[in-house]
Amino acid sequence: MLNQDEKRTFRLEKEQELRFEVSNENKVYLTLQSGTAEVFGIELPKKKPVELCDTKLAVFTWQGCELQLQGITDLEYVANETPMHLYLKAHYLLDSMRRKARQQGTKGPKVVIVGPQDSGKSSLCQILSCYAMKGGKKILYASIDFQQGSFSIPGAIGASSVEHATIEDGMIFENNLVYFYGHTVASENPRLLEKLVSNLSNLLDAKLEDSEMDLGHMGFIADSFGSLDGSNYDVLKQVLKEIKANVIIVLGSERLYADIQRDLCSEQRQIIQLPKSGGVVGRDQYLRRRLQEMQLRCYFYGSDGNLNPFTTVVTFDQVHIVRVGIGLHVPATALPLGAQSTLDPLQISQVTPSTELLHCMLGVSQAEEEEQIVDSPVYGFVHVAKVDISKRTISLLAPSPGKLPGSFLVMGSIRWLE
Amino acid sequence: MDSPSAYLDASKEYSEFLLDLTFNSKPIIDNLTAIAAENKHAASAIVKAIESRIAAVSPDKKLPALYLLDSIVKNVGEPYRSLFEKNLQTTFLSAFRTVPKAVRQSMMRLLETWPPYFGNNLISLLKVRANEVQKQIQENTKGYEAVHVNPQVLLRTTAGNSHVDTKPQNYNVSYLERAQEKVPVPKPKENRIPAFLRLQQHGILNNNSEPTRKSSSKQASGVHSRLDTSSELMKQLQVETQLLVDTINAQLVRGMMPTQEQLNALQALVTVILQYANFNIIAQNFVPYLQQHTDNIVNQIKTLQENQQAQEQEAVIANAIQSLMSGYNSQLVPQNSESSLLVSERKIFPNNSKFESDVSSSCQVQDEIITDFNILRRLDHGFIVCKLYDDLQIVSESDGSRFATREDLRQHLDWLFEWNKRLRARRQGGICRMWYSSVHEWIQGTTSVRNSGMISSSMIFEDGTSQINIDKREQQLKKVDEEANQTHRHENKVFAGDCEDRCFVCGDCFEMEWDDELEALVYKDAIKEGGDEGTKIFHVDCYSVWKSQGGSHDWKSEDRDKNANEVEDSTLENFEHKESFSGSDLGFEIKAEPTKLDASEDFPDGTSDFPQKRLRTKEVL
């Protein structure tokens with residue numbers, strides 16, 4: 001065991017990477033003594049200790065540096081082999097396309113990063129976004145990763161224009177547009193997912209079109225959901241088409257690259273394969289579940305527990321709880337052989353409030369009419385904390401105080417035991 | 001030779017033996033000499049193998065091969081001597097141009113021993129030529145040194161030149177790469193093409209290398225020196241090209257196909273020179289030479305190819321080179337008004353016109369636009385790192401962000417200040433997550449105060465209308481006025497259990513009903529007046545009767561106006577003010593019974609102290 005106060009100095013050569021893990025009980029202070037270094041694309045300030053907790057980090061240097069660590073880490077080592085130079089080149093490619101767009105007055109590249117789970121998609125996404133933001137630029141970021149939900153909550157997809165990033169908080173999303181898919185499995189309702197992505201894509205286009213500044217030429221960078229050994233490949237393919245990606249970066253899977261190359265290759269589309277970093281840590285089912293729960297907790301309470309959610313009580317008549325595509329959770333295998341579900345996957349159905357709702361996450365839809373629900377983003381999410389059948393009231397945990405901004409609450413299959 | 005194929009076999013076989021000759025080894029040279037002596041029937045093939053070996057290997061391996069030539073001529077003599085003699089000038093001088101200084105001296109000494117075998121005339125001619133070459137090389141290197149080794153220049157100029165990019169270098173890189181890429185090269189062999197090697201040594205392929213940085217800095221310091229640099233470079237490239245053309249020609253004359261590497265190198269050189277021809281006079285003057293020789297080479301390769309069908313790759317490169325040249329011509333069309341001819345050429349090489357248009361368009365841009373990842377893959381990434389780090393000189397001390405201008409930094413610091421303020425507020429627990437943007441807000445990108453998530457009392461009592469955007473709010477306000485004209489009902493809803501349940505005038509009980517907007521039980525058709533001390537409730541009808549009798553000062557309309565004005569920042573103070581105002585005005589003693597209601601569960605502590613707060617309605621906001 002290392003002494004807590006012991007300071008370790010690491011001298012990194014050009015293009016080396018210091019990787020370390022900090023558990024949630026410990027705090028680690030990282031200081032850049034000399035040279036330059038970056039954490040997933042965000043540069044470290046010189047001689048300013050950065051406090052880190054419960055994280056796995058990689059500090060990379062292009063030009064060599066000296067780093068100091070103080071505090072207990074679970075693991076720390078210096079890696080020589082990184083795919084960073086290829087990621088950098090990918091950035092240059094995108095940068096070239098943006099400059100070209102600027103010259104010709106067209107729209108910038110629409111980038112989607114795909115790959116298996118745990119291939120470092122989100123990290124690459126952040127690296128590319130932060131490189132693009134260097135020099136004070138703004139870029140559109142989209143997340144169609146409904147599995148992890150790092151953008152909002154699991155089961156949600158969305159987009160935001162990003163201008164700032166800090167080492168502690170990563171990219172800072174301030175003006176968020178979020179759609180609620182409601183599930184963490186693509187096969188649950190692929191049609192709904194495609195519909196939502198297509199809505200999101202239209203709004204992204206509108207945003208690029210509308211951009212007063214440079215945003216349109218910058219294009220967007222989107223993080224996608226992990227493709228699981230080809231099982232949700234068809235959905236992914238459709239989603240890539242819906243979002244009109246013209247640069248697809250395939251991370252760490254040759255098979256996926258080959259599939260996409262075969263199915264989506266076209267004149268206007270570049271498909272790039274990049275290797276995954278050796279620093280990416282695999283996550284098992286249990287950890288994944290824990291991360292999803294953390295993400296939900298984070299939505300209400302903040303990653304540091306400093307946000308204050310509020311409880312609201314509504315009567316059954318004040319809200320309309322709906323579900324999109326009811327009956328779809330009957331798996332295809334349960335149907336008679338060769339039979340297909342005749343139910344419309346986008347069908348809206350009312351859900352009668354019952355204890356079944358308990359612990360459910362509901363999306364507060366921006367729709368004003370029932371028909372708009374599928375096409376409307378959400379204001380946010382509420383958590384059903386209590387259903388009182390006799391009093392006909394529901395206690396909801398909402399992120400901010402006051403009345404709910406919308407009356408349609410969309411139910412999915414996301415549950416959270418606080 | 002009996003047949004071309006037998007000839008080729010012999011040549012190939014001997015080439016394989018030659019692969020061993022990587023250093024100056026007497027046993028190997030003796031051995032190879034013996035083989036040559038035993039195979040005089042294949043002399044011409046062996047001679048060609050040696051000559052191409054001398055031309056193709058890297059500079060450090062040329063000398064051993066020359067020693068072999070020397071050994072064969074001296075020990076075996078005819079027919080080798082006369083065969084070597086034919087091409088001696090090319091063989092020797094080509095090698096001489098590429099080797100380091102020390103090797104050049106060895107070669108000069110070797111030359112001294114040759115007059116008995118090759119005759120005085122030839123050797124003295126060679127000596128003269130060799131001296132010329134030596135002088136030329138010295139001048140070139142001098143030029144390079146002047147550019148490269150001048151740290152002062154670097155120091156003085158880097159600060160100011162962050163935007164002037166390493167333009168010519170970038171060109172080189174991409175086009176050399178592109179040229180190289182056109183034909184898949186199996187694998188760079190140990191005998192890499194000198195031209196490439198040299199380019200690399202001079203930092204042309206490697207943009208990160210110090211010399212390039214320095215030379216680019218120097219370029220920035222003035223147009224004049226920039227021209228100087230490119231001129232130096234051009235001279236160098238010119239020498240390389242001449243050498244390569246000589247070698248290839250020598251091989252072609254002997255009916256030998258140039259190797260792929262050679263052709264690739266030639267293609268790369270031609271590409272680079274053609275780019276420079278746009279602004280460099282030396283390059284421009286060199287174009288006719290290139291044109292003549294490349295045409296010659298290409299034609300010869302084509303004829304050769306017809307005879308030996310196997311060599312497809314070479315023909316592909318040859319075509320590429322030719323199309324390069326014609327592409328350049330077509331670019332000059334408008335100036336030379338030879339359009340008809342060249343348009344037809346363009347038709348022959350349709351791919352190439354696209355390629356050429358790339359060249360011309362990218363001449364105008366500062367940074368190379370490379371939209372082919374395969375090209376980028378082969379490049380050194382140093383210059384990209386520079387773009388992300390060194391080109392952005394203004395660094396924020398507090399968080400390490402980099403910017404190109406002070407203004408950008410200032411804006412960033414403004415943001416950072418706000419952000420840190422929020423983080424502090426967050427630590428003190430005064431922040432909540434806000435609802436997400438509506439489509440309209442998102443597209444507009446309006447970052448409103450509300451998004452900061454600071455919790456204020458007004459937010460809590462806003463009844464959740466926080467997400468209604470400004471337009472809607474205005475509409476809402478109008479609506480309020482209209483509605484208020486019709487009835488005071490909304491402003492004066494009375495919460496059940498708030499106070500006495502009998503009408504002040506008629507004394508009847510009120511019916512209770514659920515109010516959707518207030519989310520609470522209210523008395524039906526009830527109206528309320530007065531503060532904590534003097535609240536009284538009426539039936540709406542009774543109220544009007546009571547009021548017509550002059551019972552009260554009409555504070556309600558006043559209050560409404562005030563509310564409309566203070567929509568944004570109504571706070572608890574306002575309430576207290578109102579309460580005291582009305583309370584003092586009215587002297588009625590009606591006992592208030594503050595009871596906690598369902599809807600107030602989420603209010604922070606002290607709810608029961610402010611039962612009147614619920615008088616506020618949604619519309620007022």
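**Close-up views of a predicted two-chain model**

Over all chains, the structure holds 27 salt bridges, a salt bridge being a side-chain nitrogen of Lys or Arg within 4 Å of a carboxyl oxygen of Asp or Glu. This is a predicted model, in which local features need pLDDT of at least 70 and side-chain atom pairs count only at pLDDT 80 or more, while totals for chains, interfaces and linings use all residues. Residues are numbered from 1 along each chain as its sequence is written, chains are lettered from A and ligands numbered from 1 in the order in which they are written, and side-chain values use heavy atoms, with hydrogens and water left out.

**View 1. Salt bridge of Lys134(A) and Glu43(A).** The closest N and O atoms of Lys134(A) and Glu43(A) are 3.3 Å apart. Lys134(A) lies in the loop between helix H2 (121-133) and S9 of chain A and Glu43(A) in strand S4 (residues 42-43) of chain A, so the pair ties together parts that are 91 residues apart in sequence. Helices (H or I, at least four residues) and strands (E, at least two) are DSSP runs, numbered from the N terminus. Both Lys134(A) and Glu43(A) are buried; buried means under 20% relative accessible area, exposed over 50%, and partly exposed in between (1.4 Å probe, protein chains only). Lys134(A) also lies over the face of Tyr389(B), at 4.2 Å from the ring centre. A charge sits over a ring if NZ of Lys or CZ of Arg is within 6 Å of the ring centre and within 35 degrees of the ring normal.

**View 2. Salt bridge of Arg283(A) and Asp118(A).** The N to O distance between these side chains, Arg283(A) and Asp118(A), is 2.8 Å. Because Arg283(A) lies in the loop between strand S14 (270-274) and helix H7 (285-301) of chain A and Asp118(A) in the loop between S8 and H2 of chain A, the pair ties together parts that are 165 residues apart in sequence. Arg283(A) is partly exposed at 27% relative accessibility, whereas Asp118(A) is buried at 13%.

View 3. Lys244(A) takes a positive phi of about 55°. Its salt bridge partner is Asp205(A), with the closest N and O atoms 2.7 Å apart. The pair links the loop between H5 and S13 of chain A to helix H3 of chain A, 39 residues apart. At 36% relative accessibility, Lys244(A) is partly exposed.

**View 4. Strand S20 (residues 393-398) of chain A.** Six of the six residues of S20(A) are buried. Thr393(A), Ser395(A) and Leu397(A) are on one side, and Ile394(A), Leu396(A) and Ala398(A) on the other. S20(A) pairs in the antiparallel sense with strand S15 (residues 310-315) of chain A over six bridges, and with strand S19 (residues 378-388) of chain A, also antiparallel, over five bridges; two strands pair if DSSP finds at least two bridges between them. Leu396(A) is the bridge partner of Thr312(A) and of Val384(A). In the hairpin of S19(A) and S20(A), with four residues between the strands, Arg392(A) takes a positive phi near 55°.
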